[in-house]
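Open the model in your viewer and keep the selection tool at hand. Each stop below says what to select and what is there.

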Amino acid sequence: MQVDFYHLTMAPLDRLLPVIADRVMAGGGRLLIVSGDPDQRAALDRQLWMVPADGFLPHAQAGEGDDAAQPILISGEVQPANGARHVALADGVWRDAALDFDRAFHFFDGDRIAEARAAWRALADREGVERRYWKQNDQGRWEQAA
């Protein structure tokens, strides 16, 4: 199980998450996007309809359609009703339920850095968990820092 920590410094979540979602889908996977904030879920829903510019990423918010049929499902809970094996924690809050997936993407900004560091440390001794920390360089490109 792999956990990718993304420290959002230059690029906002609404620019990075669609790229991650597109890559998951291109690999034949499904994604569950989790946020406890209903306003953030609504904003991400709108964003996924506009990105990429030449199309959209098929998705729905949990409970608004056939959840099981959705390649990307946006939810307030870590419950993969769409059968996702990838989870994106969009609100900066780590949830141990993410460890039930094959891969977790944990996005956080400067306001949540202390919690992200605590999650990083807590996962250090977990058997079968590979951690990666990503940050942006001065040119805005993502680099693996740990």
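In which sense do E3 and E4 pair, and over how many bridges? Select both: E3 and E4 pair in the parallel sense, over three bridges. Two strands pair if DSSP finds at least two bridges between them. Strands (E, at least two residues) and helices (H or I, at least four) are DSSP runs, numbered from the N terminus.

Before going on, note that this is a predicted model: local features need pLDDT of at least 70, side-chain atom pairs count only at pLDDT 80 or more, and totals for chains, interfaces and linings use all residues. Residues are numbered from 1 along each chain as its sequence is written, and side-chain values use heavy atoms, with hydrogens and water left out.

**The sheet**

Now select the eight strands, which form an open sheet with mixed pairing, in the order E3-E4-E2-E5-E6-E1-E7-E8. The edge strands, E3 (59-61) and E8 (142-144), each pair on one side only.

Stay on E4 and select histidine 59, which stands opposite isoleucine 72 in E4. Ile72 and Ile74 on one side of E4, and Leu73 and Ser75 on the other, are all buried. Buried means under 20% relative accessible area, exposed over 50%, and partly exposed in between (1.4 Å probe, protein chains only). In a regular strand the side chains alternate between the two faces of the sheet.

Next, select leucine 32. Leucine 32 stands opposite leucine 73 in E4, and its bridge partner in E5 is valine 87. E2 (residues 31-34) pairs with E5 in the parallel sense over four bridges; E2 and E4 also pair in the parallel sense, over four bridges.

Select glycine 83, in the loop between E4 and E5. Is glycine 83 exposed, partly exposed or buried? It counts as partly exposed because its relative accessibility is 49%. The C-alpha atoms of glycine 83 and proline 71 are 8.6 Å apart, and the two residues are twelve places apart along the chain.

Move on to histidine 86 in strand E5 (residues 86-89). With a relative accessible area of 19%, histidine 86 is buried. Leaving out residues up to four places away in sequence, histidine 86 touches Val24, Arg30, Leu31, Leu32, Phe101, Arg103 and Phe105. Contact means heavy atoms within 4.5 Å.

**Strand E1**

Select E1, where six of six residues are buried. Gln2, Asp4 and Tyr6 point one way from E1, and Val3, Phe5 and His7 point the other way. E1 and E6 pair in the parallel sense over six bridges, and aspartate 4 stands opposite phenylalanine 105 in E6. E1 and E7 also pair in the parallel sense, over five bridges; here valine 3 stands opposite arginine 131.

**The largest pocket**

For the last stop, select Tyr6, Leu16, Val19, Ile20, Arg23, Val24, Arg103, Phe105, Trp134 and Trp142, which line the largest pocket. Helix H1 (13-26) and strand E6 (103-108) are the elements that give two or more residues to this lining. H1 gives the most, with five residues. On a 1 Å grid over the protein atoms alone, a pocket is an open set of points where a 1.4 Å probe fits, with protein on both sides within 12 Å along at least five of seven lines; lining residues have an atom within 4 Å of a point.
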